[in-house]
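User: I want to learn how to read features off a model like this one. Please show me the structure and take me through it.

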Amino acid sequence: MTASLASGPGWAGDAKAGRKAAVACQTCHGLDGLSKLPEAPNLAGQVEPYLVKALTEYRDGTRRNEIMNVVAKPLTDAEIANLAAYYGSIQIDVLPPG
């Protein structure tokens with residue numbers, strides 16, 4: 001499955017354009033990619049292929065979430081790639097407990 005994600009279309013997103021577009025995502029996911037709501041996932045540091053796949057599935061309706069299906073519906077492939085490039089470019093530190 002990883003191979004099919006890595007060979008998908010459009011991994012050449014523009015992170016700068018994605019940051020501008022992420023303003024629409026910040027209410028739930030935060031402009032910094034750190035969720036502001038308990039039911040919304042953190043997007044910072046997620047890998048681009050996963051973000052592209054998730055947003056494409058929300059747009060196409062194969063992945064269901066009442067809010068995300070509406071938000072993703074008008075996104076173009078380029079806009080999805082840009083958002084994925086932006087959120088994927090945010091560096092996060094993962095620290096194991098204790």
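Analyst: Start with element names. Helices are DSSP runs of H or I with at least four residues, numbered from the N terminus. Keep in mind that this is a predicted model.

User: Good. Which helices supply at least two residues each to the lining of the largest pocket?

Analyst: First the general idea. Rolling a probe the size of a water molecule over the atoms shows where empty space is left. Now the case here. α3 (26-29), α4, α5 (66-72) and α6 each give at least two lining residues. The largest share comes from α4, with 5 residues.

User: How many residues line the largest pocket, and which lie nearest its centre?

Analyst: The lining has 25 residues. Nearest the centre are His29, Pro41, Leu43, Tyr58 and Met68. The space in this pocket is about 590 Å³.

User: Next, salt bridges. How many does the structure hold?

Analyst: Side chains of opposite charge can pair when their charged atoms come close. The structure holds 4 salt bridges. Take Lys53 and Glu57: their side chains meet at 2.6 Å, N to O. The two residues are 4 apart in helix α4 (residues 48-60), so about one helical turn separates them. Lys53 is partly exposed, at 29% relative accessible area.

User: What does Arg59 pair with?

Analyst: Arg59 forms a salt bridge with Asp77, with the closest N and O atoms 2.9 Å apart. Arg59 lies in α4 and Asp77 in α6, so this pair ties together parts that are 18 residues apart in sequence.

User: Are Arg59 and Asp77 buried or exposed?

Analyst: Apply the cut-offs: buried is under 20% relative accessible area, and exposed is over 50%. Arg59 has 16%, so Arg59 is buried. Asp77 has 54%, so Asp77 counts as exposed.

User: What is the N to O distance between Lys36 and Asp32?

Analyst: It is 3.4 Å, and their side chains form a salt bridge. Lys36 is partly exposed at 47% relative accessible area. Asp32 is also partly exposed, at 35%.

User: Now contacts. What does Asn82 touch beyond its sequence neighbours?

Analyst: Read a contact as heavy atoms within 4.5 Å. Asn82 sits in helix α6. Leaving aside neighbours within four places in sequence, Asn82 is in contact with Gly13, Asp14, Ala15, Ala17 and Gly18. Asn82 is buried, because its relative accessible area is 17%.

User: Where does Gln46 lie, in terms of the helices?

Analyst: Gln46 is in the loop between α3 and α4. Not counting residues up to four places away in sequence, Gln46 touches Leu51, Tyr87 and Gly88. Look at Tyr87: Gln46 and Tyr87 are 41 residues apart in sequence, yet their C-alpha atoms are 6.8 Å apart in space. Gln46 counts as partly exposed, with 29% relative accessibility.

User: Last, the surface. Which residues form a nonpolar patch?

Analyst: For a patch, look for nonpolar side chains joined within 5 Å, on residues with over 30% relative accessible area. Here Leu34, Ile92 and Val94 form one. Together they have about 280 Å² of accessible area. Val94 is in the segment after α6 (77-89). At 69% relative accessibility, Val94 counts as exposed.

Notes
Residues numbered from 1 in each chain as written. Predicted model: local features only at pLDDT ≥ 70, side-chain atom pairs only at ≥ 80, totals over all residues. Heavy atoms only, no water. Patch = residues over 30% accessible without salt bridge, like charges linked within 9 Å, V, L, I, M, F, W, Y side chains within 5 Å. Areas by Shrake-Rupley, 256 points an atom, 1.4 Å probe, with all protein chains shown as cover. Buried < 20%, exposed > 50% of the residue type's maximum accessible area, 1.4 Å probe, protein only. 1 Å grid on protein atoms, 1.4 Å probe; cavity = no way out; pocket = protein on both sides within 12 Å on 5 of 7 lines; lining within 4 Å. Points joined across faces, edges and corners; volume = space filled by probe spheres on them.
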